[in-house]
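Please look at the sequence and the model first.

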Amino acid sequence: MDFFVVPDAASTGAIAAGIVAAVIRSKPEAVLGLATGGSPLPVYAALAAHRLDMSGIRGFALDEYVGLPAGHPQSYAEVIRREVTERLHLDPAKVSVPAGAAEDPERAAAAYDAAIAQAGGIDVQILGIGHNGHVAFNEPGSALDSRTRVEALTERTRQANARYFASPDDVPDRCITQGLGTILEARQLLLVVSGADKADILHTALSGPVTTDCPASILQLHPHVTVVADEAAAALLGARAVNGTTPVAVRSRAVGV
Ligand code: PGA
């Protein structure tokens, strides 16, 4: 596990974007796993500044709400379009989001894993972490080998996401999420985390037991994980606390990643 600690959220974007840019440079037809939420936004902003040729890049979003009409501004299809596809000049035809507005979301979920496999699998999966340890919308209790599926959202997650909606009642209560087993199949996992409110759960995920109680603990099972955290989020992780890995404090952008 590679671990970078940086001063602030903007710096997490610079470091993580450097990692994604390296993947794209070495593989112009790379398949990116795209996360929504606040944590990855600095990554997309910093990646745009690299001005890479993105014409061959494919993308798969991690998750989507079930029950929002197509085109709803808070659907992840729209968030990905605004924050990722347009910003990075990706070909919209090459960017997939689970079909949460489908008549048969269960079937759409099953088709999603097949589409990822058909694209050759995900080269680098960008991830955030929820306060309850969820990754994508895999809430606590999700099986470690779960596949893309329809799930219920916990109240905690609905409350956390209420900030994006006019009223907390408007937050859907179901989703399609890539499974933990699906996520573990990506060739590289890139967790981006910032803020003191994430310090507890980051510590639990990386230093506690691997358990369905904390879905993000699956990071300990993957052979190629990079964590980029700001100092506030990394506050509880002492030296050598992470799988025997010493976190690297990075204070400048000129880091060799
Ligand atoms: P956040 O969400 O980046 O908006 O904090 C993370 C998540 O819920 O996975």
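## Terms and basis

Helices (H or I, at least four residues) and strands (E, at least two) are DSSP runs, numbered from the N terminus. This is a predicted model, in which local features need pLDDT of at least 70, side-chain atom pairs count only at pLDDT 80 or more, and totals for chains, interfaces and linings use all residues. Residues are numbered from 1 along each chain as its sequence is written, and side-chain values use heavy atoms, without hydrogens and water.

Three strands form an open sheet in the order 4-8-7, with antiparallel pairing (two strands pair if DSSP finds at least two bridges between them). Strand 4 (63–66) and strand 7 (149–152) are the edge strands, each pairing on one side only. Strand 8 (residues 174–177) is joined to strand 4 by four bridges, and E64 has I176 as its bridge partner in strand 8.

Helix 4 (residues 105–118) lies across strand 4, strand 7 and strand 8, and runs at about 125 degrees to strand 7. Contact means heavy atoms within 4.5 Å; axes are lines fitted to C-alpha atoms, for helices over the stretch in contact, and angles run from 0 to 180 degrees between N-to-C directions.

## Salt bridges

The whole structure holds nine salt bridges (a side-chain nitrogen of Lys or Arg within 4 Å of a carboxyl oxygen of Asp or Glu). One of them pairs R147 with D113, with the closest N and O atoms 3.0 Å apart. This pair links distant parts of the chain, 34 residues apart: R147 lies in the loop between strand 6 (124–127) and strand 7, and D113 in helix 4.
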